[in-house]
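Trainee: I'm new to this one. Could you show it to me and let me ask where the labels come from?
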Amino acid sequence: MSLPPLREVIARHGLSASKALGQNFLFDEQLLDRIAAIPGDLQGKAVLEIGPGPGGLTRALLRAGARVTAIEMDRRCLPALAELSEAFPGQLRVIEGDALAMDHGELMGEPFAVVANLPYNVGTALFTRWLDGEDWPPQWTSLTLMFQLEVAQRIVAKPGTSAFGRLAVLAQWRSKAKLAMKVHRSAFTPPPKVMSAIVHVTPAEAPESVSARRLAKVTEAAFGQRRKMLRQSLKGVPGALSALEQLGIDRTRRAETLSVDEFTAIARALDPA
Ligand SMILES: C[S@@+](CC[C@H](N)C(=O)[O-])C[C@H]1O[C@@H](n2cnc3c(N)ncnc32)[C@H](O)[C@@H]1O
């Protein structure tokens, strides 16, 4: 299937990148194919793409054989995406609107992989939402998401490092998160100020009897005052200090020295049996 080059599509549809919508487009089709390969074999699989823009990543997903549902809020991109639908009959469904305002599970109606190159703030909001539900395993089978490099490093950070915090615990307590690929700023048009990286997350088994909400409470308090000792930062969380005692966790430690397992153990100890 030969499609017109992406730059030509952008010119023909007058798709100048909108700063307000956080638009930085990818045009290198080889790079896009490599990104589309990160989730593994997509032949016949359902994929949710958020923010397809002019459709560079969408094309790569379609070439990989995925059945793509793409949510885009910029109406100007819809004609270019309609051309892709024609080129890959029956493989692409485009939904116009704000992905933050939609129930993705209901929209997809089956297990799905998520792939997206999103503006930073939207990406982080969606990431948190996909990871913080009480129901586990989730309906999504993997998340393949572009972030600014610094955020990607916070997601995969290990304890004992300054990048380790709430995002890392959220991403790692019942999922596997890895930094799949760094992407140089020059790969984007226009180039953003910072470097980017793609994070790949797959669900893992959840530790027993740990509520996502209670864990969030603990990490919020602990990292909200990350320089303070736990005996100070966890003071306001009912039951947390006696949980530390019960678990033999030294109260003079600081949040970033705790392992993900220690955080889940504290959250479990807060839970009524
Ligand atoms: C960084 S651009 C990436 C475009 C394309 N995927 C690429 O890689 O070249 C982000 C896209 O997300 C869209 N977008 C931003 N916020 C959105 C939201 N809340 N819901 C759906 N799409 C959104 C923008 O209009 C833009 O097309």
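Predicted model: local features only at pLDDT ≥ 70, side-chain atom pairs only at ≥ 80, totals over all residues.

Trainee: What makes the protein count as two domains, and where do they run?
Mentor: The bounds come from an automatic or database domain assignment. Domain 1 covers 6-203 and domain 2 covers 212-269. Their centres, taken over C-alpha atoms, are 33 Å apart.

Trainee: How do you know that residues of domain 1 are in contact with domain 2?
Mentor: Contact needs C-beta atoms, placed from the backbone, within 7 Å. Eleven residues of domain 1 are in contact with 14 residues of domain 2. On the domain 1 side, the residues that touch domain 2 are four nonpolar, four polar and three charged.

Trainee: What describes the packing of α11 and α12?
Mentor: Two packed helices are described by an angle and a distance between their axes. For α11 (residues 240-247) and α12 (residues 260-270), the angle is about 120° and the axes are 9 Å apart. Their crossing is right-handed.

Trainee: Which residues of α11 and α12 meet there?
Mentor: From α11, Ala-240, Ala-243, Leu-244, Gln-246 and Leu-247 meet Ala-265, Ile-266, Ala-269 and Leu-270 of α12. That contact has eight nonpolar residues, one polar and no charged ones. Gly aside, residues such as Ala, Leu and Ile count as nonpolar, so those in this contact go in that class.

Conventions
Residues numbered from 1 in each chain as written. Axes fitted to C-alpha atoms, helices over the stretch in contact; angles between N-to-C directions. Helix = DSSP H or I, 4+ residues; strand = E, 2+ residues; numbered from the N terminus. Left-handed = near helix turned anticlockwise from the far one by under 90°. Contact = placed C-beta atoms within 7 Å.
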